[in-house]
Amino acid sequence: MKKRLSIQNILSQILLVFLAVIVIYPLLFVFMTSFKSNFDVITHPFTINTFEPDNYVQAWEIGRIGKYFVNSVLITFVTLAIQLVIIVLASYSLGKLKPWGTGFLTILYLSGLFVTSEMITVPNFTTMRNWGISGTRLALVLPYVANGIAMATFIMTNYVRQMPKELDEAALMDGCGLFQNLTRITVPLMTPVLATCLIFNFQGVWSEFYWALIQIRDENLKTLPLGLMNFQSQFNTDYGILCAGLAISIIPVLLVYLKCSSQFIGGMTAGAVKG
Amino acid sequence: MAGSITKVERNRKLWGYVFLIPSLFFLVMFILYPLVNSIFMSFTNWTGFNNDSYSFVGAKNYVDLFTKNPGFWNAMVINLVFAFVSTAIQTVLGFLLAFCVYYMTSGWQRFYKVALYIPVILPASVIAVMWRFMLSPDTGLVNVILRTMGLDNLCRAWVGDPSTALGTVIAVNTWQYVGFTMILFLIAMLNIPTEVIESAQMDGAGKFRQLLSFFIPLTASTTETNIILSITGGMKSFALFYMLTGGGPGTATTVVSMVIYNTAFVDFKFYRALAMATVLFVIILVLVLISRRIGHEAETNIE
């Protein structure tokens with residue numbers, strides 16, 4: 001379709017630029033403030049006249065943002081690694097091996113989509129206590145793995161089911177058993193969609209707050225979302241350091257996002273449409 | 001039954017079960033069992049400390065919740081206001097933005113998609129801490145901008161003032177999610193066959209006319225998806241409230257999930273919290289069903 005330059009287009013461009021500024025400027029403002037001294041923040045809010053990279057050192061060490069950050073990376077990495085394996089196995093099974101009762105099993109996985117976190121935290125809390133792992137990293141990882149399964153298995157199973165049958169038949173002729181089919185055909189073909197699903201799950205684990213708040217009391221085990229709470233009360237009026245901590249929380253994820261924004265957006269919207 | 005199935009086929013199906021074991025373990029252990037257990041235990045007097053000792057109290061917890069717990073219902077009203085107002089603003093604004101972006105070149109489309117989606121990827125707790133700083137009464141960006149523009153009388157302690165606290169959380173929530181709504185609408189609009197729009201343009205239909213006769217009706221199912229996602233998200237919201245306002249001032253922004261959290265993990269009245277969680281779950285389910293129903297009727301009316 002031809003896109004013409006008209007008054008309406010100019011007006012909508014102005015509106016959009018205005019909204020983009022409202023969305024992006026606060027982030028830039030935080031980033032700018034993160035390099036300023038407190039005095040400069042109060043006297044010159046919009047410009048930068050001091051340069052204090054030490055804010056980052058303070059936030060990382062005294063504010064313990066470094067510790068929280070590493071904890072979050074660890075928890076997220078382990079969760080996604082376990083999810084990767086079990087989602088591949090589950091979707092291969094439901095999509096290709098199709099054991100008896102596949103229809104029922106698919107519905108069982110689907111039902112996981114409708115459960116709210118308030119409905120499961122209390123029994124999970126007692127499970128962790130009974131297993132003697134309350135307040136540990138394991139107590140975070142186990143339910144986090146479970147949270148991401150329903151949606152990803154649903155999407156991946158549909159995807160695996162639609163893979164061309166000819167490939168499987170040809171592989172079978174060549175003497176490819178069900179394990180070789182999994183590693184040589186199914187996994188390579190599912191990689192792009194799986195990546196999108198895992199990025200979607202990444203966001204869930206990385207942002208999770210409610211369960212972490214319930215489980216983790218130990219300062220040394222807190223994840224970033226939880227740790228930010230202490231951090232905020234500690235540096236409530238040290239604006240430079242506060243913003244440095246925020247910048248550390250925002251920038252790594254932002255960079256990953258800018259590198260593969262289409263997977264991020266694709267995962268969320270695919271989830272939205274299916275859910 | 002297995003007689004007609006070859007040995008290889010049978011082998012595949014058995015391995016199928018083996019491959020499901022790990023995911024089923026997680027799903028059943030941490031999602032489905034807790035769900036059933038929660039509903040079951042909401043009919044007992046289980047406190048959480050008397051681990052295995054509880055007795056059935058019938059519907060007592062629910063009766064108490066409906067008759068003796070105004071705090072919960074107060075929170076429910078706040079939650080509903082939050083969910084509905086957020087949804088209305090987000091849906092309308094997201095739609096209009098998508099409509100504006102639709103007529104842009106694909107380069108601009110990509111730019112706005114990526115830019116407006118940035119807040120969506122950030123954890124609610126990061127957003128909350130960031131906006132607490134921006135909204136602080138003396139040095140916060142919002143008040144500083146207002147003062148620079150000479151609008152000193154509009155300056156507020158945004159999250160500390162009972163009259164603006166809820167509105168402020170709604171604004172921050174909209175700031176975070178409007179890009180998501182916009183993208184869902186944009187995808188739906190780009191899926192409309194271009195011939196439809198072109199022939200309308202040929203017939204001299206202006207933008208406004210196109211909006212009414214094509215864009216709104218042809219994206220109806222996306223509107224429904226958006227409304228459902230936004231209402232469920234709004235009813236479950238916790239981290240943003242907990243870290244931006246802490247539920248205050250007073251109980252001006254205390255939402256249901258916060259009441260449930262306090263009842264279960266501060267007061268350790270599990271039985272009460274489970275009844276609340278079940279009621280919230282049912283209310284969310286009903287809201288989803290109503291939205292679907294309305295969406296369905298709207299779609300059939302269009303056809």
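Let's start with a distance: in chain B, the C-alpha centres of domain 1 and domain 2 lie 37 Å apart. The domain assignment places domain 1 at residues 2-41 and domain 2 at residues 71-302 of chain B. Before I go on, please keep in mind that what you see above is a predicted model.

Now let's look at where the two chains meet. How many residues of chain A are in contact with chain B? There are 95 of them, and they touch 94 residues of chain B. Together, the two chains bury about 9000 Å² between them, and carbon and sulfur atoms give 78% of that area. If you want to find this surface on chain A, go to helix α1, residues 7-33. That helix gives the most to the side of chain A that touches chain B, with 18 residues. And what kinds of residues make up that side of chain A? They divide into 67 nonpolar, 22 polar and six charged.

What about specific pairs across the interface? The rule finds zero salt bridges between chain A and chain B. It does find eleven residue pairs in polar contact there, with both partners at pLDDT 80 or more.

Let me zoom in on one residue, A:Gln203. You can find A:Gln203 in helix α10 of chain A, which covers residues 178-207. Is A:Gln203 buried or exposed? Its relative accessible area is 8%, and because buried means under 20%, A:Gln203 counts as buried. Who are its neighbours? Setting aside those within four places in sequence, A:Gln203 is in contact with A:Phe264 and A:Met268 in chain A, and with B:Val120 and B:Ile121 in chain B.

Next, salt bridges. Over all chains, a search of the whole structure finds seven salt bridges. I'll walk you through some of them.

One joins A:Asp168 and A:Lys96, with the closest N and O atoms 3.0 Å apart. This pair links distant parts of the chain: A:Asp168 is in helix α9 (residues 165-173) and A:Lys96 is in helix α4 (residues 65-97), 72 residues apart. Both ends are hidden: A:Asp168 counts as buried at 18% relative accessibility, and A:Lys96 counts as buried at 12%.

Another salt bridge in chain A brings together the side chains of A:Lys222 and A:Glu219, at 3.1 Å from N to O. Here the two ends fall into separate classes: A:Lys222 is buried, at 9% relative accessibility, whereas A:Glu219 is partly exposed, at 25%.

Finally, let's go over to chain B, where B:Lys68 forms a salt bridge with B:Asp64. The closest N and O atoms of that pair are 3.4 Å apart. Why are these two separated by about one helical turn? Because they are four residues apart in helix α2 of chain B, which runs over residues 60-68. B:Lys68 is exposed, at 61% relative accessibility, while B:Asp64 is partly exposed, at 22%.

Begin at helix α1 of chain A, on the side that touches chain B. Then visit the buried A:Gln203, and end at the salt bridge of B:Lys68 and B:Asp64.

Notes
Residues are numbered from 1 along each chain as its sequence is written. Chains are lettered from A and ligands numbered from 1 in the order in which they are written. This is a predicted model: local features need pLDDT of at least 70, side-chain atom pairs count only at pLDDT 80 or more; totals for chains, interfaces and linings use all residues. Side-chain values use heavy atoms; hydrogens and water are left out. Domain bounds come from an automatic or database domain assignment. Contact means heavy atoms within 4.5 Å. Buried area is the accessible area (1.4 Å probe) that two parts lose on being put together, summed over both. A salt bridge is a side-chain nitrogen of Lys or Arg within 4 Å of a carboxyl oxygen of Asp or Glu. A polar contact is a pair of N or O atoms within 3.5 Å; within protein, one must be able to donate a hydrogen and the other to accept it, and residues adjacent in sequence count only if both atoms are side-chain atoms. Ala, Val, Leu, Ile, Met, Phe, Trp, Tyr, Cys and Pro count as nonpolar, Asp, Glu, Lys and Arg as charged, and the others, Gly among them, as polar. Buried means under 20% relative accessible area, exposed over 50%, partly exposed in between (1.4 Å probe, protein chains only).
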